[in-house]
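Dear colleague,

I am passing on the structure we spoke about, together with notes on what turned up in it. Please read the notes with the model open beside you.

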Amino acid sequence: MAIVFHERYFDHVQYEGHPESPERLAIPIKRMLELDLWKDVTRPGPASEEDILLAHSPQHVSRIRNSPEGFLDPDTYIHKDTYEIALLAAGGSIEAARIAHDCGKPTLALVRPPGHHAGRDFCGGFCYFNNIAIAARRMYLERTAIVDIDVHHGNGTEDIFLEDDKVLFMSTHQRGIYPGSGDARTVGKGRGEGFTVNIPMRGGIGDATYMMILDRIIEPILHQYDPKMILVSIGVDAHYSDPLASLALSSKAYLEICRRLIAIAPDRRIAFMLEGGYALEATAEVLSALVGEFCGAEVPLRQIYSKDVEVMGREEVESVIEVQKQYWNL
Ligand SMILES: [Zn+2]
């Protein structure tokens, strides 16, 4: 598995004590070094302004470029370096998509700041530019699938592709937390109708329900859509250890989800873009196990206990199927 990383990602600091901290990359990288998994690492260049404009309005770009230091929303701070580092995060995601597509090699973009809460004309939730959306538009294949497994709804990504049928957007998330969107009945608009798949779940739901979601929704839709490539917004904050949310995935289930998405990706064209994940140990464990899959290394998983063994979210899954049945054979 290829890794894309730039050391400038460490220099992005929101403010003291903020959960979206440089340690979110430092601890997983330290673990990968210890396990001899830190190989095949590419250092990306910045995205160009032209790339950013593929997903954002000119007003949004100039807001991020010219904003004085301060709060953009109660959780998102901007510094003089933010614009430059956000361009490198978008550039890292473009590079990861390119490696995955051109070399048929699953790729992990270890980027910061994250991106999936940045929409065409807005930012927030620790995000400035939507890394995965910019990468998808830069590739702009006939059909690309984005699967967002961060615990928060990928409202920015949904906004950018709501009326777009060349990108299928699927998001699993906890309902009732930030950003509050992601209702199952939001399915896309115009040409994009049927190409947005929202799978909201209540807190406490974990492993067994996610396997049902893969079996009954994500895998069947991916088979029918037949994407040329899969991009994954991987947030590790749906993990049961995460301090910001309360879905309950184990590390084992995270790895299983990634394996199943890799298995379904056409010619192994799949790139994982880091979004959230604030339990540092869980994030290190999940990301190094994902990289370990491709290095023949057995990465020991410690956080493997899930309380959801009997499909606690069966009703939620059935109600998403009810909505999506109009568009897909489920
Ligand atoms: Zn998140």
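In strand E7, the side chains of Val167, Phe169, Ser171 and His173 point one way, those of Leu168, Met170, Thr172 and Gln174 point the other way, and all of them are buried. This is the pattern to be kept in mind for strands in general, because in a regular strand the side chains alternate between the two faces of the sheet. E7 is accordingly listed as mostly covered, with 8 of its 8 residues buried. Please bear in mind throughout that this is a predicted model.

The sheet to which E7 belongs is open and consists of 8 strands in the order E2-E1-E5-E10-E9-E6-E7-E8, with parallel pairing. Its edge strands are E2 (41–42) and E8, each of which pairs on one side only. E6 and E7 pair in the parallel sense over 5 bridges, and within that pairing Asp148 has Ser171 in E7 as its bridge partner. Strand E6 (residues 144–148) is also joined by 5 bridges to strand E9 (residues 229–234), again running parallel, and here Val147 has Val232 in E9 as its bridge partner.

An antiparallel pairing is found between strand E3 (residues 70–73) and strand E4 (residues 76–78), which are joined by 3 bridges. These two strands form a hairpin with 2 residues between them, and Gly70 stands opposite Ile78 in E4.

Turning to the aromatic residues, a search of the whole structure finds 11 aromatic pairs. Elsewhere, Phe5, Tyr9, Phe10 and Trp38 form one aromatic cluster, and Lys166 lies over the face of Tyr140, at 4.0 Å from the ring centre.

The largest pocket holds about 250 Å³ of space. It is lined by 15 residues, of which Lys252, Leu255, Glu256, Arg259 and Leu301 are the closest to its centre. Helix H7 (207–225) and helix H8 (251–264) are the elements that give two or more residues to the lining, and the largest share, 5 residues, comes from H8. By class, the lining has 8 nonpolar, 1 polar and 6 charged residues.

Some backbone details deserve a check by eye, because most residues other than glycine have a negative phi, and most peptide bonds are trans. A cis peptide bond joins Arg112 and Pro113, with omega about -10°, and Pro113 lies in the loop between strand E5 (107–109) and helix H5 (131–139). Another cis peptide bond joins Tyr178 and Pro179, with omega about 0°, and Pro179 is found in the loop between E7 and E8.

Asp226, in the loop between H7 and E9, has a positive phi of about 55° although it is not a glycine, and Val311, in the loop between helix H9 (280–292) and H10, likewise has a positive phi of about 55°. Asp226 is partly exposed, with a relative accessible area of 46%, while Val311, at 17% relative accessibility, counts as buried because the cut-off is under 20%.

With best regards

How values were computed: Residues numbered from 1 in each chain as written. Predicted model: local features only at pLDDT ≥ 70, side-chain atom pairs only at ≥ 80, totals over all residues. Heavy atoms only, no water. Phe/Tyr/Trp six-rings, centres within 6.5 Å; stacked < 30°, edge-to-face > 60°. Lys NZ or Arg CZ within 6 Å of the ring centre and 35° of its normal. 1 Å grid on protein atoms, 1.4 Å probe; cavity = no way out; pocket = protein on both sides within 12 Å on 5 of 7 lines; lining within 4 Å. Points joined across faces, edges and corners; volume = space filled by probe spheres on them. Helix = DSSP H or I, 4+ residues; strand = E, 2+ residues; numbered from the N terminus. Nonpolar A, V, L, I, M, F, W, Y, C, P; charged D, E, K, R; others polar. Pairing = 2+ DSSP bridges. Buried < 20%, exposed > 50% of the residue type's maximum accessible area, 1.4 Å probe, protein only.
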